[in-house]
Amino acid sequence: NADAAAAQRAKNPTIPAVIVNSQSRISYNCGKFLGKGGFAFCYEVTSSDASDCRTLACKIVSKKLLVKDSQKEKMIQEIEIHRKLSHEHLVKFYDSFADQENMYILLELCSRRSLMELHRRRKLVTVPEAQYFMRQIVSGCQYLHSNKIIHRDLKLGNVFLNSKLWVKIGDFGLATQVNRDGEQKKTMCGTPNYLAPEVLNKQGHSFEVDVWSLGCILYTLVVGRPPFESPSLKETYVRIKNNNFKIPSSLNPVVAAFIRSMLQSQPQLRPSVFAMPHDPFFSLQPILPSLPESVLTVTPRLD
Ligand SMILES: COc1cc(C(=O)NC2CCN(C)CC2)ccc1Nc1cc2c(cn1)c(C)nn2-c1cc(Cl)cc(-c2ccccc2C(N)=O)c1
């Protein structure tokens, strides 16, 4: 509500109540605090301009935090990559601009938050729900890989859900463009959540790291915890290097086989996002065209 938003803004004095884009001359009323990630705060904003009275998500980064050139370049790279993307399963990029204090990125609001919140609430999802979500995530990834973009940080918190529970992949803060066919990326500044072994071993990496992350996402959704979860980051890294993960024997063998195919240590053995829809996982049963919003809280009876 308004005074909670005002209270939150009071904590961050540099967040104005009205955000003005001096180029387009459109101003936005800053509303509810949605969350924060990295340097960014995210608020719900409504444009006061009659033209588009949509409610958007606005990521706000204080310029005071973008002191090092590397941080500025990262922010600019995220905007440059995201602005040219347009796909039904990617978060829409509307605009980005700056004022004295902050940089602003106007993005599609996903009112049902992300798969992270759904996972926290439900712990496990059913196979039909996993098929529904994976099909849309793979569709978004096919668009990215066709455009030579590697997301590099696919995780539950970056798979957003709009009011209709459609998947919208967001947060291109670690994304990169492959310039030459076969080019292998050597470095990545920032730590992805679902780190692939080839990144850990600094052997050079490419599109296959996104397939590794998709394997981690599916595992987490149907098993209820991440595949390499350990008490410390160091132990997690050891488990990833040793490809040490267990799939409960109770899991449907077709789902287990699909997860194993994506979590293979050798990148070239993993399926591409273009091959994935042909996996038997997606023909276990007809893929649901939609989900009831009850899936956000309770296990659905989907028969
Ligand atoms: C109505 O839509 C939303 C409501 C809420 C909500 O109810 N949050 C409550 C959490 C508890 N606190 C006490 C009150 C606020 C969260 C995200 C929403 N939507 C949304 C967020 C979006 C985008 C699109 N849509 C895009 C694009 N990026 N982000 C974004 C950006 C940043 Cl910097 C952080 C996070 C974020 C940070 C931490 C944890 C979770 C998240 C997360 N994934 O939502 C999310």
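This is a predicted model: local features need pLDDT of at least 70, side-chain atom pairs count only at pLDDT 80 or more; totals for chains, interfaces and linings use all residues.

Visitor: Okay, where does the ligand sit?

Guide: The ligand is found in the largest pocket, and of the 22 residues around the ligand, the ones that come nearest are Leu34, Lys36, Cys110, Arg113 and Phe160.

Visitor: And which backbone atoms are at what distance from its nitrogen atoms?

Guide: A polar backbone atom of Leu34 is 2.9 Å from a nitrogen atom of the ligand, and a backbone N or O atom of Cys110 also lies 2.9 Å from a ligand nitrogen, while for a polar backbone atom of Gly157 the distance to a nitrogen atom of the ligand is 3.4 Å.

Visitor: How much of the ligand does the protein cover?

Guide: On its own the ligand has 870 Å² of accessible area, and the protein covers 73% of that.

Visitor: Which strand gives the most to the shell?

Guide: That is β2, with six residues, and β2 (26-37), β3 (40-47), β4 (55-62) and β6 (102-108) each supply at least two residues of the shell.

Visitor: What classes of residue make up that shell?

Guide: The shell around the ligand has 10 nonpolar, five polar and seven charged residues.

Visitor: New topic: why is Lys32 called partly exposed?

Guide: Lys32, which is in strand β2, is called partly exposed because its relative accessible area is 47%, and that value falls between the cut-offs of 20% and 50%.

Visitor: And how far is Lys32 from Leu302?

Guide: Lys32 and Leu302 are 270 residues apart in sequence, and their C-alpha atoms are 34 Å apart in space.

Note on methods: Residues are numbered from 1 along each chain as its sequence is written. Side-chain values use heavy atoms; hydrogens and water are left out. A residue is near a molecule or strand if one of its heavy atoms lies within 4 Å of it. A polar contact is a pair of N or O atoms within 3.5 Å; within protein, one must be able to donate a hydrogen and the other to accept it, and residues adjacent in sequence count only if both atoms are side-chain atoms. Accessible areas come from the Shrake-Rupley method with a 1.4 Å probe; for residues, only the protein chains shown count as cover. On a 1 Å grid over the protein atoms alone, a cavity is a set of points where a 1.4 Å probe fits but cannot get out, and a pocket is an open set with protein on both sides within 12 Å along at least five of seven lines; lining residues have an atom within 4 Å of a point. A molecule sits in a cavity or pocket if more than half of its atoms lie within 2 Å of its grid points. Helices (H or I, at least four residues) and strands (E, at least two) are DSSP runs, numbered from the N terminus. Ala, Val, Leu, Ile, Met, Phe, Trp, Tyr, Cys and Pro count as nonpolar, Asp, Glu, Lys and Arg as charged, and the others, Gly among them, as polar. Buried means under 20% relative accessible area, exposed over 50%, partly exposed in between (1.4 Å probe, protein chains only).
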